Amino acid sequence: MELRIVASIQAKPEHVDAVEQAVKKVVAPSRAEAGNLQYDLYESLDAPGTFVFFERWASREVLY
């Protein structure tokens, strides 16, 4: 059964740039993982510094 994950991170105003750099670094390696179907990162237009990951995995087992 496919597993979907939505996760969000709210950076403190003084750390938005550092958090943005860090979260962008995990996208490509995560997409390359076995069982990954989708791994997208978004930043809220209404709340700068809020980053949202949308992930789809082939199953729960591929994450362990």
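**Entry 1: Asn36**

I began with Asn36, which at 15% relative accessibility counts as buried, because the cut-off for buried is under 20%. I was working from a predicted model, and I kept that in mind for each of the values I noted. I looked up where Asn36 sits and found the residue in strand S2. I then listed its contacts, leaving aside neighbours within four places in sequence, and wrote down Ser30, Arg31, Arg56 and Trp57. A polar atom of the Asn36 side chain lies 3.3 Å from the backbone oxygen of Gln38. I also checked a pair separated along the chain: Asn36 and Val19 are 17 residues apart in sequence, and their C-alpha atoms are 23 Å apart in space.

**Entry 2: Ser30**

From Asn36 I followed the contact back to Ser30, which I found in helix H1, a helix that covers residues 16–31. Is Ser30 buried or exposed? I noted that Ser30 counts as buried, because its relative accessibility is 9% and the limit for that label is under 20%. The side chain of Ser30 reaches the backbone oxygen of Val26, at a distance of 2.7 Å. When I left aside the neighbours within four places in sequence, the contacts of Ser30 were Asn36, Tyr39 and Trp57.

**Entry 3: Ala28**

I stayed in helix H1 and looked at Ala28, which also belongs to that helix. Ala28 counts as exposed, because its relative accessibility is 55% and exposed begins over 50%. I took one distance from Ala28 to strand S2: its C-alpha atom is separated by 9.5 Å from that of Asp40, twelve residues away along the chain.

**Entry 4: Asp40**

I then turned to Asp40 itself, which is found in strand S2, residues 36–43. Asp40 has a relative accessibility of 16% and therefore counts as buried. Which side chain does Asp40 join through a polar contact of 2.6 Å? I found that the partner is the side chain of Gln38. Beyond the neighbours within four places in sequence, Asp40 is in contact with Arg31, Val52, Phe53 and Phe54.

Phe53 came up in the list for Asp40, so I looked up its own contacts. Not counting residues up to four places away in sequence, Phe53 touches Ile5, Val6, Ala7, Ile9, Val23, Val26, Tyr39, Asp40 and Leu41. Phe53 is also one of the nine residues of the largest nonpolar core, together with Leu3, Ala11, Val16, Val23, Val27, Tyr39, Phe51 and Trp57. The elements that give two or more residues to this core are H1 and strand S3, which covers 50–57.

**Entry 5: The chain as a whole**

Last, I stepped back from single residues. How many helices and strands are there in the chain? I counted one helix and three strands, and read along the sequence they follow the pattern β-α-β-β. The C-alpha atoms fill a box of roughly 40 × 20 × 15 Å, taken along the principal axes. Of the 64 residues in the chain, 25% are buried. I noted that, among contacts between residues at least 6 apart in sequence, 52% join residues at least 24 apart. The accessible surface comes to about 4600 Å², and 56% of that surface belongs to carbon and sulfur atoms. The chain has 7 positive and 10 negative side chains, and the centres of these two sets lie 3 Å apart.

Technical notes: Residues numbered from 1 in each chain as written. Predicted model: local features only at pLDDT ≥ 70, side-chain atom pairs only at ≥ 80, totals over all residues. Heavy atoms only, no water. Helix = DSSP H or I, 4+ residues; strand = E, 2+ residues; numbered from the N terminus. Buried < 20%, exposed > 50% of the residue type's maximum accessible area, 1.4 Å probe, protein only. Polar contact = N/O pair within 3.5 Å; in protein donor to acceptor, adjacent residues only side chain to side chain. Contact = heavy atoms within 4.5 Å. Core = buried A, V, L, I, M, F, W, Y, C linked by side-chain atoms within 4.5 Å. Areas by Shrake-Rupley, 256 points an atom, 1.4 Å probe, with all protein chains shown as cover. Lys, Arg positive; Asp, Glu negative; His and termini not counted. Charge placed at Lys NZ, Arg CZ, Asp CG, Glu CD.
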